[in-house]
Amino acid sequence: MKEFITNNKAVTLAICGVIIAALALTTVLVAGNAMADNKDYISVETAKTAALSDAGVNKKNVTFTKTKLENEDSVPIYDIEFYTKKAEYDYEIDAVSGLVTSKSTERYTATNKNRIDDDKNNDTGSGAASGSSSSGGSYDSGSSSSGDYIGVSKAKSIALDRAGLSSANWVHAYLDHDDGRAVYELEFVTSNYEYDVEIDARTGSVLDFDKDHRDWDDD
């Protein structure tokens, strides 16, 4: 009799477990369907447009790799990822308001195609030009802590002289290390051209120089 009761308890517990699991799955499915069918949400195309507008890139130059409606901490968001020939972008767009809640950009250098982490949540747009490390390198002002480095100001001057210019709009200028060698990575633009220059941080020698016609559609 005792064995029969024990077996019944085991069967009852097993059935309860199945029912609980089924209820949990139903809750998840219902919540997912409710999120997908909510008419208060903006469309995925609207979310994509918001991301592109914030990134300042043209849709025809973009390849989307992810567009997904998700629930993050009970907040519905669109997770949108895309890339251009110059960078990769990751955006989170509020599915109700259409506002950007999170964004980051991973840019490529023209010289070596390595990715530079450029978190746009902390990028004011002027940091790189003034020597901030937001472009992924470290800033060197030419102080004694940099040893016998020529300094970023001197590197800029050398880069402009190599380009035959007296001034330009700076995209970034920072100290980096390439195969154990300290170098300055500099990028600047004019109305018609964009330049990428790599300069030896100790000797001031121009190690790499690229000049390309500016693609306005992708800026």
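## Helices, cores and fold of a predicted model

Q: What span should the 12 residues of helix 2 have at 1.5 Å a residue, and how far apart are its end C-alpha atoms?
A: In this predicted model, helix 2 runs over residues 44-55. Because the expected span is 1.5 Å times one less than the number of residues, the 12 residues of helix 2 should span 16 Å. The distance between its end C-alpha atoms agrees with this, at 16 Å.

Q: Where on helix 2 do its buried residues lie?
A: The buried residues of helix 2 are A47, K48, A51, L52 and A55, and the elements that cover them include strand 1, strand 2 and strand 3 (87-94). On the face turned away from this buried side, helix 2 carries the exposed residues T49 and S53. Viewed down the helix axis, the buried residues of helix 2 fall within an arc of 135°, so they line one face of the helix.

Q: Which residue follows helix 4, and what is its phi?
A: Helix 4 has 12 residues, which should span 16 Å at 1.5 Å a residue, and its end C-alpha atoms are 16 Å apart, in agreement with that figure. Its buried residues are V152, A155, K156, I158, A159, L160 and A163. After helix 4 comes G164, with a positive phi near 75°.

Q: Which element gives the largest share of the largest nonpolar core?
A: The largest nonpolar core has 18 residues, and those with the most contacts inside it are W170, Y184, L186, F188 and I199. Two or more residues of this core come from each of helix 4 (152-163), strand 6 (169-178), strand 7 (181-189) and strand 8 (193-200). The largest share, six residues, is given by helix 4.

Q: How many residues does the second, separate core have?
A: Within the largest core, F188 is one of the residues with the most contacts, and beyond four places in sequence it touches residues including A159, L160, A163, W170 and V197. The second core is separate, and Y41, A55, V57 and I80 are among its members. This second core has 16 residues.

Q: How far apart are the C-alpha atoms of V206 and A159?
A: V206 belongs to strand 9 (residues 206-213) and counts as partly exposed, at 31% relative accessibility. Leaving aside neighbours within four places in sequence, V206 is in contact with I158, R162, V197, E198 and I199. Although V206 and A159 are 47 residues apart along the chain, their C-alpha atoms are separated by 7.7 Å.

Q: Is S74 buried or exposed?
A: S74 lies in the loop between strand 1 (63-72) and strand 2 (75-83), and it has a positive phi of about 70° although it is not a glycine. Because its relative accessible area is 68% and the cut-off for this class is over 50%, S74 is exposed.

Q: What percentage of the residues of the protein chain count as buried?
A: The protein chain has four helices and nine strands, which follow the pattern α-α-β-β-β-β-β-α-α-β-β-β-β along the sequence. The chain exposes about 12900 Å², of which carbon and sulfur atoms supply 50%. Of its 219 residues, the share that counts as buried is 32%.

Methods:
Residues numbered from 1 in each chain as written. Predicted model: local features only at pLDDT ≥ 70, side-chain atom pairs only at ≥ 80, totals over all residues. Heavy atoms only, no water. Core = buried A, V, L, I, M, F, W, Y, C linked by side-chain atoms within 4.5 Å. Buried < 20%, exposed > 50% of the residue type's maximum accessible area, 1.4 Å probe, protein only. Contact = heavy atoms within 4.5 Å. Areas by Shrake-Rupley, 256 points an atom, 1.4 Å probe, with all protein chains shown as cover. Arc of directions from axis to C-beta.
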